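Hello,

Please find the structure we spoke about below. My notes on it follow, one part at a time.

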Amino acid sequence: MPKKIQTVRGMTDILPRQQVFFERVFQAFRVTARAFGFEQIETPLVEEAGLFARAIGEGSDIVTKQMFAVSRLADSPRQARTKGTDDEKGELVLRPEATASVVRAYIEHGMHTWPQPVKLSYIGPMFRYERPQAGRYRQFWQAGVEIIGEGDASIDALTMLVGWQTLEKLGLGEQLVISVNSVGDKACRPRIRKQLAAHFEKHADALCEDCQERLKTNPLRILDCKQDSCRKIAESAPELIDLLCEDCRAHFRMTLEYLDELGLPYELSQRLVRGLDYYTRTVFEIGALNDEARQSSLLGGGRYDTLIEEYGGRPTPASGFAIGVERVVELIKTKKMPSVQPLTPQVFLIQLSEGARKAALRVARTLTKNDIQVSSGMTKGSLKAQLRSADRSKAPISLIIGQREAFDATAIVREMDDGSQETVAQSAILETIRKRLSQK
RNA sequence: GUGGCUAUGGUGUAAUGGUAACACUAGAGCUUGUGGAGCUCUCGUCACGGGUUCGAUCCCCGUUAGCCACCCCA
């Protein structure tokens, strides 16, 4: 008994009907990014594991358990693992996100010699080994931008603007809000961590198990815990904003001023703490206005001023975001949007014998070469059946080539709405079809 | 990774411890070269594997997948 074939867990086929929605999101993003002067970059799906470990953080879930390893099938997993074990030449993985790759490319290709800031956009699939759920897949699409080489607060606002405008273009403006926070920089983050840790230490007994762990690894994340007990303790914690150093606070204030200037709807979100280690200062999310569910987060991003030098580049500030395409698709699907018609051909070809089939193929070549969309029931049986297909295809014009027509080198041009017909020479078909289509 | 719910033709649904009903879609046809209506027919080894039973699509277990909450993030 053959095993049933199916997609592997967490991966889905995007069928033509879905494709339309994805295309719509991609379009909105491309148009917006281009308007702001972003150029496209595409990086490989496969990178060395170490690239992400350093960027995202050794301790993060993404790095510790969510990456797909890639190896040659002929190598046993064991061999693949032990092959080049010094951290530099590590395992290969499917990328879980794109920022690290873009930064790698920035350094690798000496983009610091380009006019700064370098503004790059990308669209592509990412991979994370997670438990699948609606809006959460093991292969999912992200569309994002990175602005590298400028640290001014206006860039933070600009980054958000690009994301916002993309979603706005998709008709989602009314129901979304930007959540913003600042997590400090190299200078003040250690102190923030220490102060928060001190606070939570006092209530350590009441924290949930996960948070006990976070206390050691990343106390900031406790602010984000949804357990009631932890929440209560988090509420009494010192405000993140008050803990920021002078520079960070000024930067944050300026960022908000720019947002006000742009009239973007935002809310300060004390509890917003992004999971990726590389973020400094501004972090933000865009999500549904009144939806508690975290999956409603459509877009996330922030500033990462230290990442480039961590990779060995010169100190270079940067900022970016990524849109979760599937989540946006889910949302625009629920909205009543003008439904996109399936592709309808302009001409439907009908043939009635082998000779006619040859003629029909030639005609198809001529028409398609001239960008006229053609469909046909090449192997279908009776005229009746083929005409029915033609009718269903909604093509305005049918071309009928039977034995007689094949012999005479002619074809019947049939208008589908009123059934009127005309016989023309095959050499004149392009001309005739063009004229008739232009009258529609 | 933890807990829970679910799984019936291409799609959406129904019923039942004795091998499945309906709607839509698709294909074939309703006499030979003309469509849109109507009619007929076709398409499920009831996700997979095992168990209980005289007998399981229905009960039990496992697997796989989807969904929900957690976790994580986009």
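Helix H7 itself covers residues 189-202, which makes 14 residues. From its first C-alpha to its last it reaches 20 Å, close to the 20 Å expected at 1.5 Å a residue. Its buried residues are Arg189, Ile192, Leu196 and Phe200. Seen down the axis of H7, these buried residues fall within an arc of 60°, so they line one face of the helix. On the face of H7 turned away from the buried side are the exposed residues Pro190, Lys194, Ala198, Glu201 and Lys202.

Next, the strands. Strand E6 (residues 139-148) is mostly covered, with nine of its ten residues buried. Which strands does E6 pair with? One is E5 (residues 118-127), which runs antiparallel to E6 and is joined to it by ten bridges. Within this pairing, phenylalanine 127 has glutamine 139 of E6 as its bridge partner. Another is strand E11 (residues 318-324), which pairs with E6 over seven bridges, also in the antiparallel sense. There, isoleucine 147 stands opposite serine 319 of E11.

Is proline 96 buried or exposed? Proline 96 has 23 other C-beta atoms within 10 Å, and 20 or more are needed to count as buried, so proline 96 is buried. Leaving aside neighbours within four places in sequence, proline 96 is in contact with Phe52, Ile62, Gln66, Met67, Met126, Phe127 and Arg128. Phe127 in that list is the residue whose bridge partner is glutamine 139. As for glutamine 270, it lies 174 residues from proline 96 in sequence and 26 Å from it in space, C-alpha to C-alpha.

Last, the confidence scores. Chain A averages a pLDDT of 88, and 92% of the residues score at least 70. The model scores ipTM 0.86 and pTM 0.88. Over residues 79-88 the pLDDT stays under 50, and the model has eight contacts beyond four places in sequence for this stretch. Where pLDDT is low, the predicted coordinates should not be read in detail.

Regards

Key
Residues are numbered from 1 along each chain as its sequence is written. Chains are lettered from A and ligands numbered from 1 in the order in which they are written. This is a predicted model: local features need pLDDT of at least 70, side-chain atom pairs count only at pLDDT 80 or more; totals for chains, interfaces and linings use all residues. A residue is buried if 20 or more other C-beta atoms lie within 10 Å of its own, exposed if 12 or fewer, and partly exposed in between; C-beta atoms are placed from the backbone. Helices (H or I, at least four residues) and strands (E, at least two) are DSSP runs, numbered from the N terminus. Two strands pair if DSSP finds at least two bridges between them. The expected span of a helix is 1.5 Å times one less than its number of residues. The arc is that of the directions from the helix axis to the C-beta atoms. Two residues are in contact if their C-beta atoms, placed from the backbone, lie within 7 Å. pLDDT is the predictor's confidence in each residue, from 0 to 100.
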